[in-house]
Amino acid sequence: MTALRLGLTGGIGSGKSTVAQMLAHLGATLIDADAISRAATAANGVAIDALEAAFGSAFITPERALDRDQMRALVFADASAKARLESIVHPLVGQEIARQAEHAQRAGSHCIVFDIPLLVESRHWRASLQRVLVVDCSVQTQVERVTLRSGLDSAAVRRIVDAQVSRAQRLQAADYVLFNDGIALDVLERQVRQMAPLFGL
């Protein structure tokens, strides 16, 4: 039996990662694109040598990890740097996602959840998924949640939110929507459980 390929996305602070864990608890196989990307750029990650060759040793820490602060500053100042960074990291992340998905399929998973923050921004992903679940909330809620957990000021968080695709664009790409705004965690979990049969869980 072929597993359902479910894309999961949502803006920063939407609760997407919480929903991902709830689906995993219900039996879905979770593939976390962010976690794979972080591993690729962590100490001795698969992307480190290529990043050093492209950007220089100043962007690599003594532990052989990507210096995220340095890279963030460069990408903010130079749009072409972001494209170069993505051209190195994204193919490696894609290869690992494909490897994990194949493993899950062979293991008999009924539902593979692809937790992909930039799902809507990438035309590639939508074509390879059967359904897309968007975790949604108001922009104000996004800002409040991220400000609380990160220590950043609201203006900085607002800039991060504004840099992502709009809420309307995300909703337009959705087959299913979970509205996670002003509800308790147990209510969110109940909603996830109610949707689970749609995903073969």
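The predicted model contains an open five-stranded sheet with parallel pairing, in which the strands follow the order β2-β3-β1-β4-β5. Helices (H or I, at least four residues) and strands (E, at least two) are taken as DSSP runs numbered from the N terminus, and two strands are paired if DSSP finds at least two bridges between them. The edge positions are held by β2 (29-32) and β5 (176-179), each of which has a single partner strand, so one side of each lacks a neighbour in the sheet. From one strand to the next, the twist averages 20 degrees. Residues are numbered from 1 along each chain as its sequence is written, and side-chain values use heavy atoms, with hydrogens and water left out. Because the model is predicted, local features need pLDDT of at least 70 and side-chain atom pairs count only at pLDDT 80 or more, whereas totals for chains, interfaces and linings use all residues.

Strand β4 (residues 131-136) runs parallel to β5 and is joined to β5 by four bridges. Within this pairing, L133 stands opposite Y176, and D136 has F179 as its bridge partner. Helix α10 (residues 185-195) packs on the sheet and touches β4 and β5, its direction making about 165 degrees with that of β5. Contact denotes heavy atoms within 4.5 Å; axes are lines fitted to C-alpha atoms, for helices over the stretch in contact, and angles run from 0 to 180 degrees between N-to-C directions. In β5, Y176 and L178 form the covered face, while V177 and F179 form the uncovered one. Helix α2 (residues 33-40) lies across β2 and β3 (111-115) and runs at about 50 degrees to β2.

A helix pair is formed by α3 (residues 48-55) and α5 (residues 79-106), whose axes come within 10 Å and cross at roughly 155 degrees. The two helices are therefore roughly antiparallel, a term applied to angles over 145 degrees. Their crossing is right-handed, that is, the near helix is turned clockwise from the far one by less than a right angle. The contact involves A50, L51, A54 and F55 of α3, together with A81, R84, L85, I88 and V89 of α5. Eight of these residues are nonpolar, none is polar and one is charged (nonpolar: Ala, Val, Leu, Ile, Met, Phe, Trp, Tyr, Cys and Pro; charged: Asp, Glu, Lys and Arg; polar: the others, Gly among them).

The loop between β5 and α10 contains G182. G182 is exposed, with a relative accessible area of 78% (exposed: over 50%, with a 1.4 Å probe and protein chains only). The C-alpha atoms of G182 and T61 are separated by 41 Å, the two residues being 121 residues apart along the chain.

Key: Angles under 35 degrees count as roughly parallel, over 145 as roughly antiparallel, 65 to 115 as roughly perpendicular and the rest as oblique. Buried means under 20% relative accessible area, exposed over 50%, partly exposed in between (1.4 Å probe, protein chains only).
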